[in-house]
Amino acid sequence: MASTKLQKILSIINRRFQEEQTPFAVIGAMALGAYGLPRFTADIDLLAKDENRSAVTKILTEMGLNCVQETAAFARFDSEMGVYGTADIMYVTSSDGEEILERRISVTDELMGDYPVIQPDDYIVLKLMAIANDPTRQARDEGDIAALLKHIRQKSLPDVFEPIQRDRILRFARRFGLERRMHQMFREYLDTTSSAGSFFL
């Protein structure tokens, strides 16, 4: 569950990104919250196009957030003394990553207004990629995947989101060397037997 402070910050980010016509989507714990699975979080995780990196930096800097860490695919922004919390940005460069961004859906929150969130199957894809990039994250990230699959099995996912596409998830899982594990998780948490190095999106 995001604090009121983070919700207000996301509302400002959403407005500013729209004003600058810079597409983005919410990922991470705040996406889980949009799916109906609230998780406490101390930061905002966003997806954006690498080609818009300068625009993202400009917007967040104008908000009082400074870039404190940056890699080829990631940037972390924080405010002085942590007043506004942190914003982690994952930048996509491939057609697969851009497709995830294009498939985002707008959800409505009383405090934050309308804001874009990735589809649940794309949430799983990003979690699989995180595991492939850093196997020490496996237990935590598989826990999030399992919780989401059980939530979907219980038909608790808001109707605004598309049903997950198993074949799509398995295609990425195969690329990340996690196809067998993903089959197991589908069987264990979604109750179905049907299924049809570093990675950057």
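The lining of the largest cavity comprises five nonpolar residues, no polar ones and two charged ones, where Ala, Val, Leu, Ile, Met, Phe, Trp, Tyr, Cys and Pro count as nonpolar, Asp, Glu, Lys and Arg as charged, and the others, Gly among them, as polar. This is a predicted model, in which local features need pLDDT of at least 70 and side-chain atom pairs count only at pLDDT 80 or more, whereas totals for chains, interfaces and linings use all residues. Residues are numbered from 1 along each chain as its sequence is written, and side-chain values use heavy atoms, with hydrogens and water left out.

**Largest cavity**

- The volume of the largest cavity is about 40 Å³; on a 1 Å grid over the protein atoms alone, a cavity is a set of points where a 1.4 Å probe fits but cannot get out, a pocket is an open set with protein on both sides within 12 Å along at least five of seven lines, and lining residues have an atom within 4 Å of a point.
- Grid points are joined across faces, edges and corners, and a volume is the space filled by probe spheres set on the points.
- The residues that line the largest cavity are L128, I131, E142, L178, R181, M182 and M185.
- Helix 8 (179–190) gives the most to this lining, with three residues, and helix 5 and helix 8 each supply at least two; helices (H or I, at least four residues) and strands (E, at least two) are DSSP runs, numbered from the N terminus.

**Largest pocket**

- The largest pocket holds about 820 Å³ of space, and of its 32 lining residues the closest to the centre are I27, D45, M90, A130 and R137.
- Two or more lining residues come from each of helix 2 (28–34), strand 2, strand 4 (74–79), strand 5, helix 5 and helix 6 (138–153), with the largest share, six residues, from helix 5.
- By residue class, the lining of the largest pocket has 17 nonpolar, four polar and 11 charged residues.

**Largest nonpolar core**

- Among the 64 residues of the largest nonpolar core, Y35, L149 and M182 touch the most other members; such a core is a set of buried Ala, Val, Leu, Ile, Met, Phe, Trp, Tyr and Cys residues joined through side-chain atoms within 4.5 Å.
- Helix 5 gives the most to this core, with eight residues.
- M182, which also lines the largest cavity, touches I124, L128, I145, L149, I169, L170 and A173, not counting residues up to four places away in sequence, where contact means heavy atoms within 4.5 Å.

**Helix 4**

- D96, G97, I100 and L101 are the buried residues of helix 4 (residues 95–102); buried means under 20% relative accessible area, exposed over 50%, and partly exposed in between (1.4 Å probe, protein chains only).
- The buried residues of helix 4 pack against strand 1 (24–27), strand 2 (43–49), strand 5 (86–92), helix 5 (120–133) and helix 7 (166–175).

**Loop residues**

- Q21, in the loop between helix 1 and strand 1, has a positive phi of about 50 degrees although it is not a glycine, and Q21 counts as exposed at 71% relative accessibility.
- T22 is in the loop between helix 1 (4–19) and strand 1, but T22 counts as buried at 5% relative accessibility.
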